[in-house]
Amino acid sequence: MNDVATNKQLAREYLERIGRGDVDGVVDLFVDDGAIIVESKTLLPPEVRGKDAIRELMTALPQMFPETGLRIIIDDVTAEENRVAIRAHSDAKHANGKLYQNRYHFLLYFKDGKIVSSHEYLDSLHLTDVFFDGARPE
C-alpha cells in the first residue's frame with residue numbers, strides 16, 4: 001500500500017538524512033534493490049543499485065562536504081500515487097573550497113513505505129565544475 005502523505009514525509013526525510021550525513025538512515029529508506037539514478041551526464045555513476053552501493057555513495061558525501069554537509073533545501077513537493085516530486089536546491093561547500101549551489105528535481109518512487117528509486121535531475125555543468133574541476137565525461 002502506498003500512502004501519499006507518508007511517501008511525502010519519507011521523501012523529505014531522505015533529503016534531510018543526506019544533508020546530515022546519516023548514511024545508515026538513507027540506506028534504511030530504500031528497498032533492498034533500490035536505486036539512485038542521476039539522470040544528468042557527469043562523471044558520477046549514472047546508476048547506483050542495491051543497499052551496499054547506496055551505502056558506498058552516501059559514505060563519500062560527508063567527506064566531500066566536511067564543513068557543511070550536502071545541505072539540500074526543499075523548494076516544493078508534489079505527490080501522487082507512488083511518486084513524490086521535489087524541486088530543491090543545495091547550499092554547501094565542497095572540500096575543495098568551492099561553493100556547491102545546485103538546483104535539483106528529484107522524482108522518487110515508493111513501494112510499501114520504502115524508496116524503490118530516486119531519479120535526480122540537476123545542473124550537470126555546475127556539478128562537473130565543482131566536483132571534477134571541469135573534467136567532462138566522454
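Buried, in these notes, means under 20% relative accessible area, exposed means over 50%, and partly exposed is in between (1.4 Å probe, protein chains only).

**Entry: ground rules**

I am reading a predicted model, where local features need pLDDT of at least 70, side-chain atom pairs count only at pLDDT 80 or more, and totals for chains, interfaces and linings use all residues. Residues are numbered from 1 along each chain as its sequence is written, and side-chain values use heavy atoms, with hydrogens and water left out.

**Entry: Ser-117**

I started with Ser-117, which counts as buried because its relative accessibility is 9%. I found Ser-117 in strand S8; helices (H or I, at least four residues) and strands (E, at least two) are DSSP runs, numbered from the N terminus. Next I looked up its contacts, meaning heavy atoms within 4.5 Å. Setting aside neighbours within four places in sequence, Ser-117 is in contact with Ala-35, Leu-107, Leu-108 and Tyr-109. I also noted Asp-33, which is 84 residues from Ser-117 in sequence, with 9.0 Å between the two in space, C-alpha to C-alpha.

**Entry: the largest pocket**

I then turned to pockets. On a 1 Å grid over the protein atoms alone, a pocket is an open set of points with protein on both sides within 12 Å along at least five of seven lines, whereas a cavity is a set where a 1.4 Å probe fits but cannot get out; lining residues have an atom within 4 Å of a point. Grid points are joined across faces, edges and corners, and a volume is the space filled by probe spheres set on the points.

The largest pocket has a volume of about 360 Å³. I see 23 residues in its lining, and Leu-44, Leu-57, Met-58, Leu-61 and Glu-120 lie nearest its centre. Which elements give two or more residues to this lining? They are helix H1 (4-20), strand S1 (30-38), helix H3 (51-64), strand S7 (103-111), strand S8 (114-122) and helix H4 (124-132). H3 gives the most, with 7 residues.

By class, I noted 21 nonpolar, no polar and 2 charged residues in the lining. Here Ala, Val, Leu, Ile, Met, Phe, Trp, Tyr, Cys and Pro count as nonpolar, Asp, Glu, Lys and Arg as charged, and the others, Gly among them, as polar.

**Entry: the nonpolar core**

A nonpolar core is a set of buried Ala, Val, Leu, Ile, Met, Phe, Trp, Tyr and Cys residues joined through side-chain atoms within 4.5 Å. The largest one has 33 residues, of which Tyr-14, Ile-18, Leu-70 and Ile-86 touch the most other members. H1 supplies the largest share of this core, 5 residues. I followed Ile-18 and found that it touches Val-26, Met-58, Leu-61, Leu-70 and Ile-72, not counting residues up to four places away in sequence.

**Entry: salt bridges**

My rule is a side-chain nitrogen of Lys or Arg within 4 Å of a carboxyl oxygen of Asp or Glu. By this rule I get 14 salt bridges.

In one of them, Glu-13 pairs with Arg-17, the closest N and O atoms being 2.2 Å apart. Both lie in helix H1, 4 residues apart, about one turn of the helix. Is Arg-17 buried or exposed? Arg-17 counts as buried, because its relative accessibility is 16%.

Another salt bridge joins Asp-75 and Arg-87, with the closest N and O atoms 3.9 Å apart. This pair links distant parts of the chain, with Asp-75 in strand S3 (residues 72-80) and Arg-87 in strand S4 (residues 83-90), 12 residues apart. Through shared partners, salt bridges join Asp-75, Asp-76, Arg-87 and Arg-103 into one network.
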